[in-house]
Amino acid sequence: MRHTRIAIAAVAACTALTGVAACGGSGGGSGSSAASGTYTFWDPYPQFDGSSDWGKLVASCGTKSGVTVKRTAYDTTDLGNKALLAAQQGNAPDVMLVDNPVVSTLVQAGILNKMSDVGISTASVQSNIIGAGVVDGAPYGVPIGANTLALYYNKNILDAAHVDPASIKDWASLTAALGKVKAAGKKGITFSAIGTEEGSFQFLPWFWGAKGDLTHLDNADGQAALSLWKDWVAQGLAPDDVLTNTQTTSWQEFATGQYAFGENGTWQLANAKKAGFPYGVISIPARDGGAAPAPTGGEFVTV
């Protein structure tokens with residue numbers, strides 16, 4: 001158990017120090033070999049192989065802790081499903097890096113240890129950041145960072161459509177901008193509306209920006225946010241595939257350089273710099289003006 005505690009602390013500390021943005025049982029579990037000091041670690045970054053900075057970081061965390069970390073990467077959604085299946089089969093990994101909404105699901109399934117069980121204190125973590133990993137007053141993971149959402153824009157497309165991003169103050173002005181972009185022969189906005197926590201995460205700023213109430217999902221304000229997205233798709237201002245877009249595939253669409261706007265996370269800033277076209281970032285507008293409230297996302301190292 002001591003090695004597990006050291007390993008999770010090292011992974012959490014290393015990832016925090018490197019500023020990696022985005023979104024793991026005891027040493028005696030069937031996924032590890034306590035005698036050999038080998039611990040299994042799952043993360044949601046299949047885009048990073050062992051030669052990447054992230055892959056090297058994970059390996060170095062093990063080395064610094066005096067253990068070997070056996071890493072496996074899965075897509076974000078796939079990771080949660082595979083974790084539940086592995087737990088049923090008795091071969092769950094020792095350490096998992098999971099998207100923060102997944103923590104409570106894994107706790108309910110009886111998979112995770114409390115941080116107090118492995119000697120990790122989360123007292124210094126801000127309450128709104130650790131909150132997603134707290135169930136019945138007990139933290140079940142260590143957040144390695146936090147992120148949120150905004151609108152990225154392609155400056156070339158907006159210039160061609162004679163749209164000033166500073167003029168976008170509310171839903172009406174954003175929709176008008178999308179209309180100008182379409183009239184100029186370009187594509188409007190892409191986002192993730194897939195029926196998972198990713199789609200919910202992306203919808204929340206629009207829902208809250210309309211003063212929607214999560215305890216009354218069907219009220220008129222919440223319906224207004226849904227109508228906004230539906231109307232954009234119906235008018236050809238957003239593509240039909242937003243219904244199947246993850247945040248990754250939505251970003252890939254924006255990165256083609258064909259879309260004026262892409263709703264996505266702060267974790268994409270490094271990719272934006274490599275997109276090959278000038279870009280900017282604005283807050284997601286609320287219906288009647290100002291910046292919409294945006295949720296806080298991030299990943300937790302869990303045991």
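I began at Gly236, which comes just after α9 and takes a positive phi of about 75 degrees; helices here are DSSP runs (H or I, at least four residues), strands are runs of E (at least two), and both are numbered from the N terminus. I noted that this is a predicted model, in which local features need pLDDT of at least 70, side-chain atom pairs count only at pLDDT 80 or more, and totals for chains, interfaces and linings use all residues. Residues are numbered from 1 along each chain as its sequence is written, and side-chain values use heavy atoms, with hydrogens and water left out.

Which residues of α9 are buried? I found Gly222, Ala225, Leu228, Trp229 and Trp232, where buried means under 20% relative accessible area, exposed over 50% and partly exposed in between (1.4 Å probe, protein chains only). The buried residues pack against α7, β8, α8 and β9, contact meaning heavy atoms within 4.5 Å.

Last, I looked up Lys211 in the loop between α8 and α9, which has a positive phi of about 70 degrees although it is not a glycine; Lys211 is exposed, with a relative accessible area of 64%.
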